[in-house]
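Here are some notes to read with the model open beside you. Take the points one by one and find each residue as you go.

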Amino acid sequence: MATTRGTTPPLTVEPSSLRLPGTVLGVGLGGFADGILLHQLLRWHHMLTSTNHDRVGLKYYDPHTVSGLEMNTLWDGVFHTVCWIAVLLGLAVLYARVTHHRRAVWSSRVLWGWILFGWGLFNLVEGILDHQVLGIHHVHGGPHQAWWDAGFLVLGGLFMLAGHLIQRGGTVIGPEAPRGAERTGDRV
């Protein structure tokens, strides 16, 4: 198909090709942000800090003792390993799906929208499962923990909504988009 100089042929690539890798990357990156900020820097909780009040009967490992901190740190490491695997998997799927215009994809609103969506999905799933259903830890334990947990869920929902809106606002550049398409926008 011939095109004249300066015009871009119509693109037929569906932007849904970035949905899975972007979402998986977002889940992993959201988990890293949670683990680094809340577990390590702020030290508000570790993976098993509320097991003295959990709903599954796990042994309590007091994070204020050396042995308790060792066990909580081990489970934080398991958590970070799962996050790392999610990031590697997201990158692998992204690399497999994007064969052209890789630089344009990384600056794409669609990819970053799906990453933000995945981060929100992480917050919702982790918040519902670990904070509500299992009760193995809370965002910030104490008398107002229900508010912290609710805020974490609301933030997750807002991230998902914002990510959805951001990726919808992009223009098409796809994994198989023709040369020069990166000038038309950033929808991948």
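1. Where does His101 lie? Look in the loop between helix 2 and helix 3 (102–106). Keep in mind throughout that this is a predicted model. His101 has a positive phi of about 60°, although it is not a glycine. It is also buried, with a relative accessible area of 16%; the cut-off for buried is under 20%.

2. Now try Arg43, which sits in the loop between helix 1 and helix 2. Here too phi is positive, about 55°, in a residue that is not a glycine. Is Arg43 buried or exposed? With a relative accessible area of 65%, Arg43 is exposed, since anything over 50% counts that way.

3. Let's step back to the whole protein chain. It has five helices and zero strands, so if you read from the N terminus on, the elements go α-α-α-α-α. Of its 188 residues, 42% are buried. The chain exposes about 10600 Å², and carbon and sulfur atoms supply 67% of that. As for contacts, take those between residues at least 6 apart in sequence: 71% of them join residues at least 24 apart.

4. You'll find it in helix 1 (residues 19–41). Asp34 is buried, yet it has no salt bridge. How far away is the nearest side chain of opposite charge? That side chain belongs to Arg43, and it is 14 Å away. A salt bridge would need the charged atoms within 4 Å, which means that Arg43 does not qualify as a partner for Asp34.

5. So what is Asp34 in contact with, leaving aside its neighbours within four places in sequence? The list is His39, His45, Phe79, Phe122, Glu126 and Phe152. Hold on to Phe79 and Phe122 from that list, as they come back in the next point.

6. A search of the whole structure finds five aromatic pairs. One of them is Phe79 with Phe122, a tilted pair with 6.1 Å from centre to centre and 45° between the planes. Phe79 belongs to helix 2 (residues 66–97) and Phe122 to helix 4 (residues 109–133), so this pair ties together parts that are 43 residues apart in sequence. Both Phe79 and Phe122 are buried.

7. Compare that with the pair made by Trp114 and Phe117. Their ring centres are 5.2 Å apart and their planes are at 80°, so this pair is edge-to-face; the cut-off for that label is over 60 degrees. Both residues lie in helix 4, three residues apart, which is about one turn of the helix. Trp114 counts as buried, at 7% relative accessibility.

8. Trp114 and Phe117 turn up again in the largest nonpolar core, which has twelve residues in all. Its other members include Leu18, Leu25, Val87, Leu94 and Met160. Helix 2 and helix 4 each supply at least two residues of this core. Which helix gives the largest share? Helix 4 does, with five residues.

9. Leaving aside neighbours within four places in sequence, Val87 is in contact with Leu25, Gly28, Leu29 and Phe32. Apart from this core lies another, of nine residues, among them Met47, Leu48, Ile136 and Val139.

10. Go back to helix 1 for Gly30. At 1% relative accessibility, Gly30 counts as buried. Beyond its neighbours within four places in sequence, Gly30 is in contact with Trp119 and Phe122. Phe122 is also on the contact list of Asp34.

11. Last stop: Ser50, in the loop between helix 1 and helix 2. Is Ser50 buried or exposed? Ser50 is buried, with a relative accessible area of 11%. Setting aside neighbours within four places in sequence, its contacts are Gly135, Ile136, His137 and His138. Ile136 is one of the residues in the nine-residue core.

Terms used
Residues are numbered from 1 along each chain as its sequence is written. This is a predicted model: local features need pLDDT of at least 70, side-chain atom pairs count only at pLDDT 80 or more; totals for chains, interfaces and linings use all residues. Side-chain values use heavy atoms; hydrogens and water are left out. Helices (H or I, at least four residues) and strands (E, at least two) are DSSP runs, numbered from the N terminus. Buried means under 20% relative accessible area, exposed over 50%, partly exposed in between (1.4 Å probe, protein chains only). Lys and Arg count as positive and Asp and Glu as negative; His and the chain ends are not counted. Contact means heavy atoms within 4.5 Å. Rings of Phe, Tyr and Trp (its six-membered ring) pair if their centres lie within 6.5 Å; planes under 30 degrees apart count as stacked, over 60 as edge-to-face and the rest as tilted. A nonpolar core is a set of buried Ala, Val, Leu, Ile, Met, Phe, Trp, Tyr and Cys residues joined through side-chain atoms within 4.5 Å. Accessible areas come from the Shrake-Rupley method with a 1.4 Å probe; for residues, only the protein chains shown count as cover.
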